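Trainee: I would like to learn how to read a helical model. Please take me through it feature by feature.

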Amino acid sequence: MKELSAQARWEQHTQRPLLALAVLFAVAYAVPIVDTSAGHSLTAACTVAEWVVWGVFAVDYLMRLSLSPDRRGFVRQHWMDLCAVVLPLIQPLRLLRLVSTLMLVGRRARMASQIRVTTYVGGAVVGLLMFGSLAVLSVERDSPNGNIRTLGDAVWWSFTTMTTVGYGDHAPTTGLGRMIAVGLMLSGIALLGVVTANIAAWFIERFEKDDVEERQQTEAIRALTEEVRALRAEVAALRRTSVSG
């Protein structure tokens, strides 16, 4: 059995703890937005938790970089991870911290061999709906001309935006809200493409399997036909021998 590299062992051992921290990040991000009556101490604790989770994912990237045998190749291959690590340091906005952490969580989850594409896509859809709703609610709720005031409005808007339906009954009015809308639209189109590709691949696989089974049956029938012909020839030969004898 081939021994795992140090980088692969690190990724294997840290997969579950990092996903658990991702759940903690989700809770810490959601609480101050959903609970508008949250005090300063609770809001500050949630902010600290968000930074801690982002910091752990940043340390995870640095550890994988240090354990990689080809560090330049690792940086080229994981340039999005590097951008996600550096992004909040350039401008520590809460929205940037959300985007960077989601990028790191998503990239890390994709490396897990036990996570199938369907699970990954389903988790990505739920995560984008949830965080998109919370993000747009946080920036649109206090907008004078905004019409996204409740969590229900935000979830409905996120769903219609991701599916590119866009009824128009709810729409962001702030610049930041529109940036979130663009991100959700692009993500929805990308996920729809992945789902469509998976469905097409499934049908192709089924058709190929049916073709293989049909070819196997044809070959079996051909082989049986040849055996019957050979038996008939032998029977005819035996008859001729008995008649001549």
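**Reading the helices**

Mentor: Start with helix α1. Its 29 residues should span 42 Å at 1.5 Å a residue, and its end C-alpha atoms are 41 Å apart, which agrees. The expected span is 1.5 Å times one less than the number of residues. Helices here are DSSP runs (H or I, at least four residues), strands are E runs of at least two, and both are numbered from the N terminus.

Trainee: What are the ground rules for this model?

Mentor: It is a predicted model, where local features need pLDDT of at least 70 and side-chain atom pairs count only at pLDDT 80 or more, while totals for chains, interfaces and linings use all residues. Residues are numbered from 1 along each chain as its sequence is written, and side-chain values use heavy atoms, with hydrogens and water left out.

Trainee: How many helices and strands does the protein chain have?

Mentor: Eight helices and zero strands. From the N terminus the order is α-α-α-α-α-α-α-α.

Trainee: Where does α1 bend?

Mentor: At Gln-15, by about 45°. A bend is the angle between axes fitted to the seven residues ending at a residue and the seven starting there. A proline, Pro-17, follows within four residues.

Trainee: How does the span of α2 compare with the expected value?

Mentor: Helix α2 has 28 residues and reaches 40 Å from first to last C-alpha, close to the expected 40 Å.

Trainee: Which residue forms a salt bridge with Glu-219?

Mentor: Arg-222, with the closest N and O atoms 2.8 Å apart. Both lie in helix α8 (residues 175–244), three residues apart, about one turn. Glu-219 is partly exposed at 46%, and Arg-222 is partly exposed at 43%.

Trainee: And Glu-226 with Arg-229?

Mentor: Their side chains meet in a salt bridge at 3.5 Å, N to O. This pair also lies in α8, three residues apart. Glu-226 is partly exposed at 44%, but Arg-229 is exposed at 52%.

**Rings and surface**

Trainee: How do I read aromatic pairs?

Mentor: Check centres, then planes. Rings of Phe, Tyr and Trp (its six-membered ring) pair if their centres lie within 6.5 Å; planes under 30 degrees apart are stacked, over 60 edge-to-face, the rest tilted. The model has five aromatic pairs. Phe-25 and Tyr-29 are stacked, 6.3 Å centre to centre with 15° between the planes. They sit four residues apart in helix α1 (residues 6–34). Phe-25 is buried at 2%, and Tyr-29 is buried at 2%. The rings of Tyr-29 and Phe-131 have centres 5.9 Å apart and planes at 55°, so that pair is tilted.

Trainee: Which parts does the pair of Tyr-29 and Phe-131 tie together?

Mentor: Tyr-29 lies in α1 and Phe-131 in helix α6 (residues 117–140), so the pair ties together parts 102 residues apart in sequence. Both residues are buried. Ring pairs link Phe-25, Tyr-29 and Phe-131 into a cluster.

Trainee: Which residues make the nonpolar surface patch?

Mentor: Val-195, Ile-199, Trp-202, Phe-203 and Phe-207, covering about 510 Å². Patch residues have over 30% relative accessible area and no salt bridge; like charges are joined within 9 Å, nonpolar side chains (Val, Leu, Ile, Met, Phe, Trp, Tyr) within 5 Å. Areas come from the Shrake-Rupley method with a 1.4 Å probe, and for residues only the protein chains shown count as cover. Phe-203 lies in helix α8 and is partly exposed at 39%.

Methods:
Salt bridge = Lys/Arg side-chain N within 4 Å of Asp/Glu carboxyl O. Buried < 20%, exposed > 50% of the residue type's maximum accessible area, 1.4 Å probe, protein only.
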